[in-house]
Amino acid sequence: MELQLYQTVLYLAGGINVMIAFVLLHNNYWYRNYDVYHRARQFMALNYIIFGIGFCIHAYFQLRLTHPVVASALSVSYFHSGGVLFGWSHTSLMRPGYLTRKVVVRDLFVLAFGITCYWLTVMCKGECHFIRWSFGVFFAHAVYITYIFYSTYNSVRRSFEQMPADDGAPRWWTTETKRKVLARHNSFVIGCHLIVLFGIGSIIVTACFQHDIWPYTILMAMGIGVFCFLFYSLAEYGNTIESATNAAEDAGKTTEN
């Protein structure tokens, strides 16, 4: 019964993620004139697909029971990829000039190095020095990406709050629009909180209970809610995309280093 519930939750989470990815890509045509948001939806769709495939692999091969080291390496791999994609998508929405070639090369290099370490640990059956690097790379990079996101949010939010609305402001920047955009950005922060808690919690719990499946079942059930909230917040952002894009570009002139 425990195993069946475990597999059901994983397949359900994987199916929901793939479905959300399809919706993001299908509706993305409507936002083709908003480059940053259009690209952010593509990144998040890829993120959902990676997680969905990872969950289904876990469920089908029952890796948590048969090969716990492989299961941990797989989990850290898609969580690390997800962190990079979330940083690219959501940080760029607040600071359109963020995703430069330098940032892409930096994150891809660290991601590739981390994934190599994770799977070298698997090849060594967890009995080599690569295991120190594997989790260290993940946590260090995750902390850095999170710091960039939060610092961007704080600086852009201050700029938004200081931007006058209604009288003397552009027609697209009203008090109501300002309130809505700030609310959308706040939902991004809540999403980041959830990702950090869910991601780090998943890695820690599964590392502590390598041969148990019930903690992972609970985490994946909670994860469904996290992924649905991220989709909701990103979709809602599209309702104010024109004003949000203009405001982010204006704010970016004062927040770019």
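This note describes a predicted model in numbered points, from the whole chain to single residues.

1. Basis of the note. The model is predicted, and local features are reported only at pLDDT of at least 70, side-chain atom pairs only at pLDDT 80 or more, while totals for chains, interfaces and linings use all residues. Residues are numbered from 1 along each chain as its sequence is written, and side-chain values use heavy atoms, with hydrogens and water left out.

2. Secondary structure. The chain has nine helices and zero strands. Its pattern along the sequence reads α-α-α-α-α-α-α-α-α. Helices (H or I, at least four residues) and strands (E, at least two) are DSSP runs, numbered from the N terminus.

3. Overall dimensions. The radius of gyration, taken over C-alpha atoms, is 19 Å, close to the 18 Å that the globule rule (2.2 Å times the number of residues to the power 0.38) gives for 257 residues, so the chain is as compact as a globular protein of that length. Along the principal axes, the C-alpha atoms fill a box of roughly 65 × 35 × 25 Å.

4. Burial and surface. Of the 257 residues, 48% are buried. Here buried means under 20% relative accessible area, exposed means over 50%, and partly exposed lies in between (1.4 Å probe, protein chains only). The accessible surface of the chain comes to about 12,700 Å², and 65% of this belongs to carbon and sulfur atoms. These areas come from the Shrake-Rupley method with a 1.4 Å probe; for residues, only the protein chains shown count as cover.

5. Contacts along the chain. Contact means heavy atoms within 4.5 Å. Among contacts between residues at least 6 apart in sequence, 73% join residues at least 24 apart.

6. The pair H4 and H5. The axes of H4 (residues 68-94) and H5 (residues 101-123) come within 9 Å and cross at roughly 175°. Axes are lines fitted to C-alpha atoms, for helices over the stretch in contact, and angles run from 0 to 180 degrees between N-to-C directions. The two helices are therefore roughly antiparallel to each other; angles under 35 degrees count as roughly parallel, over 145 as roughly antiparallel, 65 to 115 as roughly perpendicular and the rest as oblique. The residues that meet include Val 69, Ala 73, His 80, Ser 81 and Trp 88 in H4, and Val 103, Asp 107, Leu 111, Ile 115 and Trp 119 in H5. By class, this contact has 16 nonpolar, four polar and one charged residues. In this scheme Ala, Val, Leu, Ile, Met, Phe, Trp, Tyr, Cys and Pro count as nonpolar, Asp, Glu, Lys and Arg as charged, and the others, Gly among them, as polar.

7. His 80 lies in helix H4 and is buried, at 3% relative accessible area. Not counting residues up to four places away in sequence, His 80 touches Val 110, Leu 111, Tyr 118, Val 137, Phe 138 and His 141. Ser 81 also lies in H4 and is buried, at 12%. With the sequence neighbours up to four places away again left out, Ser 81 touches Ile 50, Leu 111 and Ile 115.

8. Leu 10. This residue is found in helix H1 (residues 2-27) and is buried, with a relative accessible area of 0%. Leaving aside neighbours within four places in sequence, Leu 10 is in contact with Phe 55, His 58, Ala 59, Tyr 216 and Met 220.

9. Tyr 48. Tyr 48 is found in helix H2 and is buried, at 2% relative accessible area. Apart from residues up to four places away in sequence, Tyr 48 touches Asn 17, Ile 20, Ala 21, Leu 24, Phe 227, Leu 230 and Phe 231. Tyr 48 and Phe 227 are 179 residues apart in sequence and 8.1 Å apart in space, C-alpha to C-alpha.

10. Gln 62. Gln 62 is placed in the loop between helix H2 (35-61) and helix H3 (63-66) and counts as partly exposed, at 23% relative accessibility. Its phi is near 50°, a positive value in a residue other than glycine. Most residues other than glycine have a negative phi.

11. Asn 33. Asn 33 lies in the loop between H1 and H2 and is exposed, with a relative accessible area of 63%. Asn 33 and Cys 117 are 84 residues apart in sequence and 40 Å apart in space, C-alpha to C-alpha.
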